[in-house]
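This report describes one protein chain from its overall surface down to single residues. Please keep the sequence and the structure open while reading.

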Amino acid sequence: EIAMTTKSVLGDETDVPPPAAIGTMPSESNDNSQLSSPSSMKPTVARAAPSSILDEVWTLVDKYYIDRTFNKQDWNEVKTTYDAKVTSALASSPSPSLNDDKLMKLVTEMVASLGDKYSRILDKQSYTRIQKFDLIGVGATLMPSSADKRIMVGAPPVAGSPADKAGMKYGDYITAVNGVPTEGRTAFDIIDQISNDDPNAKTVTMTVLTEGPDDLKGEGYVRDLKLDRQFEQIVNPITYKVSEERSSASSAVHKVGYIQIKEFNSLVERGLRDAFIDLESQNVDAYVLDLRGNPGGAFQSAVEISSLFFENQIATYVVDSNGVELPFKTAKGKVVVDRNDPVVIWVDGRSASATEVLAGSLRDNCRAVVMGEPSFGKGLIQAVYGLKNGSGLVLTVARYVTPNGDDIQGKGIIPAISGNGIVPPSFVPGLKSDTSRIDFGNIKERLSSKMCKVPDATGGV
């Protein structure tokens with residue numbers, strides 16, 4: 001699961017931001033909590049400020065990688081080894097472009113030594129392609145500054161993005177979004193604000209402050225940038241319809257809505273919200289969410305979707321490398337699905353990551369019954385760090401735990417009801433949305449307060 005985006009900065013190690021920024025794939029708790037830095041667990045060898053891509057990546061891995069044994073390696077010795085390799089490579093290559101290629105190969109090799117198939121280096125093209133998970137849509141990553149928590153641009157905007165074309169730079173401060181001041185707010189709050197203002201808005205206005213070296217805090221060049229939100233090339237992952245009407249007077253429900261979610265990209269929450277509003281207006285009183293084959297995507301989308309079903313409850317916990325649990329709660333005032341409407345979630349062995357977070361969230365909060373096959377079992381969280389040279393680092397930094405405390409990694413979500421004879425094959429277009437075999441009377445009973453207990457939400461905010 002690529003769940004949260006942060007952007008690294010060069011400088012002293014204390015300047016490297018924790019994984020609590022937004023942009024490509026945002027995630028931040030509703031308070032100002034951050035994943036605690038694993039660097040406090042062991043002494044770090046003193047060295048000069050980072051001056052290359054290798055230093056930048058090494059520092060991020062050292063501070064945030066979930067496995068503090070680094071695949072049973074001494075990470076300081078790894079740094080020494082690759083410093084020597086870099087020196088040798090640069091000495092033998094007079095061409096700057098060749099130097100860059102060699103450096104990136106060495107950095108890729110260093111990250112691969114972690115033995116983690118999810119942690120990897122993204123080249124510039126791959127990093128650009130991953131922008132489909134950008135929930136703001138302007139190509140800039142917003143994050144709290146390490147000094148005073150003011151919202152800032154955490155790294156150079158993506159080349160060719162609206163933010164880049166408007167002249168936004170790394171280090172600029174965002175003092176307001178759509179006229180609302182950002183002081184005292186988190187990056188997560190800003191996403192919620194944009195969604196509440198108008199999730200389908202084609203533009204967003206950011207008030208940008210550039211402070212010069214001689215300026216006092218708050219002084220400098222201020223301007224409003226009206227930025228286009230670029231989602232046009234991203235496919236809406238939602239398809240839906242009324243799958244059946246049950247006319248019998250004894251039926252537990254009368255109209256069933258079928259919704260397929262193909263992935264968790266930047267359009268999923270607004271697309272799903274629109275689908276529910278439409279289906280509710282058609283008097284749908286039961287739902288099937290088809291998450292089969294859904295590989296996941298943006299973690300925050302799973303939390304936002306949960307807010308369509310219930311408010312102010314824990315959707316999931318994120319556990320960092322120190323074992324610290326951070327609760328992520330659903331928002332208030334966003335429920336669009338009638339609390340009495342039973343929900344069934346279909347999963348299979350290809351349902352992974354954010355898909356499993358959503359399934360676990362709705363299941364544990366007594367809003368859905370999971371049906372089908374055990375899901376994939378990917379409960380690890382990757383942060384995406386934009387690097388100074390335009391490439392990216394995907395790094396495993398934490399893991400998910402469901403509201404009831406179930407670890408997803410390697411286990412997946414186990415359905416309460418087998419799909420045999422009930423769930424149609426997903427590869428047959430005309431049959432995949434057949435919901436007729438579901439006993440919604442039984443589903444309602446399973447979701448009742450007699451059989452299902454909602455976990456205590458006091459761990460959240």
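## Overall figures

The accessible surface of the chain comes to about 18900 Å², and 51% of it belongs to carbon and sulfur atoms. Accessible areas come from the Shrake-Rupley method with a 1.4 Å probe; for residues, only the protein chains shown count as cover. This is a predicted model, in which local features need pLDDT of at least 70 and side-chain atom pairs count only at pLDDT 80 or more, while totals for chains, interfaces and linings use all residues. Residues are numbered from 1 along each chain as its sequence is written, and side-chain values use heavy atoms, with hydrogens and water left out.

Of the 461 residues in the chain, 57% are buried. Buried means under 20% relative accessible area, exposed means over 50%, and partly exposed lies in between (1.4 Å probe, protein chains only). The chain has ten helices and 18 strands; these are DSSP runs numbered from the N terminus, with H or I over at least four residues for helices and E over at least two for strands. Among contacts with a separation of 6 or more, 72% are between residues 24 or more positions apart, where contact means heavy atoms within 4.5 Å.

## The six-stranded sheet

An open sheet is formed by six strands in the order β9-β10-β11-β14-β15-β18, with mixed pairing. Its edge strands, β9 (238–245) and β18 (417–418), each pair on one side only. Two strands count as paired if DSSP finds at least two bridges between them. Strands of a sheet pair through backbone hydrogen bonds, either parallel or antiparallel.

Within this sheet, β11 (residues 286–290) and β14 (residues 343–347) run parallel and are joined by four bridges. Tyr-287 is found opposite Val-343 of β14.

## Strand β5 and its partners

Strand β5 (residues 173–177) is mostly covered, with four of its five residues buried. It pairs with β7 (residues 203–210) in the antiparallel sense over four bridges, and Val-177 has Met-206 of β7 as its bridge partner.

Strand β5 is also joined to β6 (residues 180–181), by two bridges and again in the antiparallel sense. Here Ala-176 stands opposite Pro-181. The two strands form a hairpin with two residues between them, and Asn-178 in the turn has a positive phi of about 50 degrees.

Strands β12 (314–320) and β13 (residues 325–329) pair in the antiparallel sense over five bridges. Val-318 has Leu-326 of β13 as its bridge partner. The hairpin has four residues between its strands, and Gly-323 in the turn has a positive phi of about 80 degrees. Strand β13 is largely enclosed by the rest of the structure, because four of its five residues are buried.

## Packing of α8 and α9

Helices α8 (299–306) and α9 (residues 354–364) pack at an angle of about 25 degrees, with their axes 8 Å apart. Therefore α8 is roughly parallel to α9. Axes are lines fitted to C-alpha atoms, for helices over the stretch in contact, and angles run from 0 to 180 degrees between N-to-C directions. Angles under 35 degrees count as roughly parallel, over 145 as roughly antiparallel, 65 to 115 as roughly perpendicular, and the rest as oblique.

From α8, the contact is made by Phe-299, Ala-302, Ile-305 and Ser-306. From α9, Ala-354, Val-357, Leu-358, Ser-361 and Leu-362 take part.

## Residues in loops

Asn-283 is not a glycine, yet has a positive phi of about 65 degrees. It lies in the loop between α7 (268–281) and β11, and counts as exposed because its relative accessibility is 60%. Asn-312, also not a glycine, has a positive phi of about 55 degrees. It sits in the loop between α8 and β12 and is partly exposed, with a relative accessible area of 27%.

Ser-426 is placed in the loop between β18 and α10 (440–447). With a relative accessible area of 29%, Ser-426 is partly exposed. Leaving aside neighbours within four places in sequence, Ser-426 is in contact with Arg-292, Arg-350 and Lys-432. Ser-426 and Asp-290 are 136 residues apart in sequence and 9.0 Å apart in space, C-alpha to C-alpha.
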